[in-house]
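Subject: Structure handover and findings

Hello,

Here is the structure we talked about handing over. Please open it first, then read the notes below it.

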Amino acid sequence: MDLVRHLRYFIVVAEELHFGNAAIRLGMAQPPLSQRIKRLEDELGVRLFDRSARQVRLTEAGRLLVGEAREIVVRADRLRDLVRQGEGGVLKVGVPPDLADSVIAALVAAFRETSPDVRLAPAESWTADQVTALADGVLDVGLVRHPVSAPGLRFGQTLVQPYGVLLAEDDPLAAVGEVHLADLAGRELLMPPREGEPGLYAETLAECRRHGYVPRQVHEGAGLGLVLAGAAVAFGPRVGTPGLAWRPLLGSPIACRVSTAWRQATAEVAGFSAVAVRILKESAGMTDEAAAPTRRVSRRPGMLA
C-alpha cells in the first residue's frame, strides 16, 4: 500500500467530512475512495471515521492522525522535490490510454524540437489517476478530460473534440450519413472506465439519456474489440481501423474536452502545454472551446430499425 497516497485521501475526507465532496475534490469516483480509506484503516488497525451517523465524523484516532498525516505528506513532497532537482532533464507527462499513437508520437517529436535538453516521459493513465499522480508529484503535467474538479491543480487552454459513433462496418447504421443518438437504442455501449474518467462517464450517459438512448449495457475499457465484433458501439474521433465505421452524430451532442493540468508551474510545463495545444489541433482535430460547435438537442427525424 502507498501510505503517503492513502494519507492524502484521508486528509481530504477529513477536511470535507463527506465522501462525495472529497471524491469530487480528488477527481475520482466515491466507491474507490471509500475502499482506499477502508484499506488505510485496516493497515493502521483503527477506525478513522464514524460512518454510523448521517454526517461523517472523525473518530478520536482520526483526529489524532490528521496533524501527523499532513506533516508526513509535506515531508514526502519536500523529499520528492529534492530528489527531482538532481534528476533534471525529464518531464513526466500523463496521457489518456486511448489517445492515438500518432498523436503521442507527434507530441514527443514537437516537444523535442522546442526543448531539446528535456526528455519527455509519457505515461498512460486516465484522468482520475493523473489527478492523483499530479497531486503526489509523480507527474509534472497531464492531459486530462473535463469535467474534472481538483483544487490545487492549474489547467491550460481547453480544447474540444466532437465525437462520432464507432460501429462495426456491417452495422445497418454504418450506411447512413448522420446518426441520431436515439437510433442506437438496443445497442450496448463501450466507454472508458468510470473510475478513471468519472466526469466524462457521467456527462456522456446524461447526454445519451437526454437524446433518447439508454444503453442496454455499458462496458468499460480502452480497446475496440467489442465494437469490431458488433457487440457494442463506442463514441470517439474518426479512426481508420479496418472493420470499423465512423459516423457523425446529429447535433454533435457528445464531445470530449481536454486540457493540460499541473500542480507546479515551470518553464518545461508551460512549453509542453503550448506544444500540446498545437499538436492536438493539428493531429487530433481539436478546436478552441469558444470556437467549437454548440451542442444542441436535436429533434429526431426518424428511426432506423
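A residue is called buried under 20% relative accessible area, exposed over 50%, and partly exposed in between, using a 1.4 Å probe and protein chains only. By that rule Gln161 is buried, because its relative accessible area is 8%.

Some ground rules before the rest. This is a predicted model, so local features need pLDDT of at least 70 and side-chain atom pairs count only at pLDDT 80 or more, while totals for chains, interfaces and linings use all residues. Residues are numbered from 1 along each chain as its sequence is written, and side-chain values use heavy atoms, with hydrogens and water left out.

Gln161 sits in strand β7, residues 159-162. Helices (H or I, at least four residues) and strands (E, at least two) are DSSP runs, numbered from the N terminus. A polar atom of the Gln161 side chain lies 2.6 Å from the backbone oxygen of Ala284. For reference, a polar contact is a pair of N or O atoms within 3.5 Å; within protein, one must be able to donate a hydrogen and the other to accept it, and residues adjacent in sequence count only if both atoms are side-chain atoms. Contact in general means heavy atoms within 4.5 Å. Beyond neighbours within four places in sequence, Gln161 is in contact with Pro237, Ala255, Cys256, Ala284 and Met286.

Thr158 is in the loop between β6 (154-155) and β7. Thr158 is also buried, at 18% relative accessible area. With neighbours within four places in sequence set aside, its contacts are His146, Arg257, Val258, Ser259, Thr287, Asp288 and Glu289.

Cores

A nonpolar core is a set of buried Ala, Val, Leu, Ile, Met, Phe, Trp, Tyr and Cys residues joined through side-chain atoms within 4.5 Å. The largest one has 45 residues, and Leu91, Leu184, Phe235 and Phe272 have the most contacts inside it. Helix α9 (residues 267-284) gives the largest share of this core, eight residues. Another core lies apart from it, with 24 residues, including Ile11, Ala14, Leu26 and Met28.

What does Phe235 touch, leaving aside neighbours within four places in sequence? The contacts are Tyr163, Gly164, Val165, Leu181, Leu184, Leu189, Leu190, Thr204, Cys208, Tyr213, Leu249 and Ile254.

Helix packing

Two packed helices are described by the angle between their axes and the distance between the axes. Axes are lines fitted to C-alpha atoms, for helices over the stretch in contact, and angles run from 0 to 180 degrees between N-to-C directions. Under 35 degrees counts as roughly parallel, over 145 as roughly antiparallel, 65 to 115 as roughly perpendicular and the rest as oblique.

Helix α1 (residues 3-16) packs on helix α6 (residues 127-136) at about 100 degrees, with axes 11 Å apart. The two are therefore roughly perpendicular. Arg5, Arg8 and Tyr9 of α1 meet Thr132, Ala135 and Asp136 of α6. By class, this contact has two nonpolar, one polar and three charged residues. The classes are: Ala, Val, Leu, Ile, Met, Phe, Trp, Tyr, Cys and Pro nonpolar; Asp, Glu, Lys and Arg charged; the others, Gly among them, polar.

α2 packs on helix α3 (residues 30-44) at about 105 degrees, with axes 9 Å apart. That makes α2 roughly perpendicular to α3. Phe19, Gly20, Ala22, Ala23 and Leu26 of α2 make the contact with Gln30, Leu33, Ser34 and Ile37 of α3. This contact has six nonpolar, three polar and no charged residues.

Backbone points to check

Most residues other than glycine have a negative phi, and most peptide bonds are trans. Leu17 has a positive phi, near 50 degrees. Leu17 is in the loop between α1 and α2 (19-26) and is partly exposed at 28% relative accessibility. Ser252 also has a positive phi near 50 degrees. Ser252 lies in the loop between β12 (244-247) and β13 (255-262), partly exposed at 22%. The peptide bond from His146 to Pro147 is cis, with omega near 5 degrees. Pro147 is in the loop between β5 (141-146) and β6.

Best regards
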